[in-house]
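Here's a quick tour of a protein model.

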Amino acid sequence: AKQQTLDKQKEILQELEDALGALEGRNEDTTRQDIRDRQEAEKKIDDLSKQIKQLRDDFKKLELIEDEPERLKKKEELVQKHEKMIDQLEKTRRELARLQEQRAANELNQAADNVDGARKNVDNDGNPEKDLDAAREKLRLAKEALQESEEHLARELLIRMADELKLLKERQDAVLQRSEDFHPKIIKLKSWKTDFLDTIDG
């Protein structure tokens, strides 16, 4: 009877641990994925910033071209590069919106407007550098917003893990307490059986 009781307690404790572990796993996996999604978005923003810097460098090279036909050809190519950049910024903005990172998405939207302004300047033989610098600044702010979200999610993850560990310990302590409370009863029952058998033998 004692062994059956202990086995039952172990079974109950294991069920509690399994249930808590499953819940903990789902919550933690979701939060970790949220963090990874934002880290991936950060990498894309870094890449976009590098590409915008390249647009700035390409414009400087364009200014050095003296041959008019060649200059016009390079200008058209540069305008097209700006248009592609606007498309990439818009795509990343939509991804951020899906992640519910509205602040970062708004920065990407403004960066796209800045690049569009730069495109118009190039097309009209103006200087796009100011607009391109402004676009990179917007990307920096978007990345900053993502990093703040990641820190918030990481804090949430740690708090949740601490709460779940506390709950598991409380449940374990409760099962152990029940075992300790039941133990004297087992000893008492065993003693009664021994006395009863001694009486019979006598």
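This is a predicted model: local features need pLDDT of at least 70, side-chain atom pairs count only at pLDDT 80 or more; totals for chains, interfaces and linings use all residues.

Helices H2 and H3 pack at an angle of about 170 degrees, so the two are roughly antiparallel to each other.

**How H2 and H3 meet**
- The axes of H2 (residues 68-98) and H3 sit 9 Å apart.
- Sorted by class, their contact has 15 nonpolar, seven charged and three polar residues.

**A closer look at H2**
- H2 has 31 residues, and at 1.5 Å a residue they should span 45 Å. The C-alpha atoms at its ends are 45 Å apart, so the two values agree.
- Buried residues in H2 include Leu78, Val79, Ile86 and Leu89, and also His82 and Glu95.
- Just after H2 comes Gln100, with a positive phi of about 65 degrees.

**Arg38 in H1**
- You'll find Arg38 in helix H1 (residues 2-63).
- Is Arg38 buried or exposed? Its relative accessible area is 8%, and under 20% counts as buried, so Arg38 is buried.
- Arg38 also makes a side-chain polar contact with the side chain of Glu101, at 2.6 Å.

- The protein chain has an average pLDDT of 81, and 66% of the residues score at least 70.
- Confidence is highest in H3 (residues 102-123), at a mean of 97, and lowest in H4 (residues 129-201), at 73.

Key:
Residues are numbered from 1 along each chain as its sequence is written. Side-chain values use heavy atoms; hydrogens and water are left out. pLDDT is the predictor's confidence in each residue, from 0 to 100. Helices (H or I, at least four residues) and strands (E, at least two) are DSSP runs, numbered from the N terminus. Axes are lines fitted to C-alpha atoms, for helices over the stretch in contact, and angles run from 0 to 180 degrees between N-to-C directions. Angles under 35 degrees count as roughly parallel, over 145 as roughly antiparallel, 65 to 115 as roughly perpendicular and the rest as oblique. Ala, Val, Leu, Ile, Met, Phe, Trp, Tyr, Cys and Pro count as nonpolar, Asp, Glu, Lys and Arg as charged, and the others, Gly among them, as polar. The expected span of a helix is 1.5 Å times one less than its number of residues. Buried means under 20% relative accessible area, exposed over 50%, partly exposed in between (1.4 Å probe, protein chains only). A polar contact is a pair of N or O atoms within 3.5 Å; within protein, one must be able to donate a hydrogen and the other to accept it, and residues adjacent in sequence count only if both atoms are side-chain atoms.
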